[in-house]
Amino acid sequence: DSDVIAIERSGIYNGLYFVLGGTAPLLESKENNRLRSNGLKKVVTDRLEAINEIILAFSVNPDGENTARYVESALKDVLE
């Protein structure tokens, strides 16, 4: 969330971005309720024809890797 202001101020990114709102910690078995995966699925579904690529940007650590896998599995049915 803190990077949104920097992204907008830079003016160099001309695309749509979505703030997921957290990570899916590797060591927690329950789903993180703060993650807005349903919101992401709706955005992707609504704009599917216009999407060329989806870029996932997370911290390079186990929680970031787990969150990337979580998002990939959440979007799998939409993108197939």
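Q: How confident is the prediction, and where in the protein chain is confidence lowest and highest?
A: The mean pLDDT of the protein chain is 86, and 91% of the residues score at least 70. The scale runs from 0 to 100. Confidence is lowest in α1, with a mean of 86, and highest in α2, at 92.

Q: Why is T67 called buried?
A: The relative accessible area of T67 is 0%. Buried means under 20%. T67 therefore counts as buried. The residue lies in helix α3. Leaving aside neighbours within four places in sequence, T67 is in contact with L20, G22, T23, A24 and F58.

Q: Why does N66 count as buried?
A: The relative accessibility of N66 is 18%. The cut-off for buried is under 20%, so N66 counts as buried at 18%. N66 sits in helix α3, residues 62–79. Not counting residues up to four places away in sequence, N66 touches A24, P25 and L26.

Q: What makes G22 partly exposed?
A: G22 has a relative accessible area of 27%. Partly exposed is the range between the 20% limit for buried and the 50% limit for exposed. So G22 is partly exposed. G22 is in the loop between α1 and α2. From C-alpha to C-alpha, G22 and R36 are 8.5 Å apart in space, and they are 14 residues apart in sequence.

Q: Why is I12 called exposed?
A: I12 has a relative accessible area of 74%. Exposed means over 50%, so at 74% I12 is exposed. I12 is in the loop between α1 (3–10) and α2 (37–46).

Q: What makes I7, I12, Y13 and Y17 a nonpolar patch on the surface?
A: A patch takes residues with over 30% relative accessible area and no salt bridge, and joins nonpolar side chains within 5 Å. I7, I12, Y13 and Y17 form such a patch, with about 410 Å² of accessible area together. For I12 the step can be followed with a number: I12 has 74%, and the patch limit is over 30%.

Q: Why is the pairing of K41 and D77 called a salt bridge?
A: Side chains of opposite charge can pair when their charged atoms come close. The N to O distance between the side chains of K41 and D77 is 3.9 Å. The limit is within 4 Å, so the pair of K41 and D77 is a salt bridge at 3.9 Å. The pair links distant parts of the chain: K41 is in helix α2 and D77 in helix α3, 36 residues apart.

Q: How many salt bridges does the structure hold?
A: The structure holds two salt bridges. One of them joins the side chains of K42 and D46, at 2.8 Å from N to O. K42 is exposed because its relative accessible area is 52%, against a limit of over 50%.

Q: What percentage of the residues in the protein chain is buried?
A: Of the 80 residues, 22% are buried. The protein chain exposes about 6400 Å², and carbon and sulfur atoms supply 50% of that area.

Notes
Residues numbered from 1 in each chain as written. Heavy atoms only, no water. Helix = DSSP H or I, 4+ residues; strand = E, 2+ residues; numbered from the N terminus. Buried < 20%, exposed > 50% of the residue type's maximum accessible area, 1.4 Å probe, protein only. Contact = heavy atoms within 4.5 Å. Patch = residues over 30% accessible without salt bridge, like charges linked within 9 Å, V, L, I, M, F, W, Y side chains within 5 Å. Areas by Shrake-Rupley, 256 points an atom, 1.4 Å probe, with all protein chains shown as cover.
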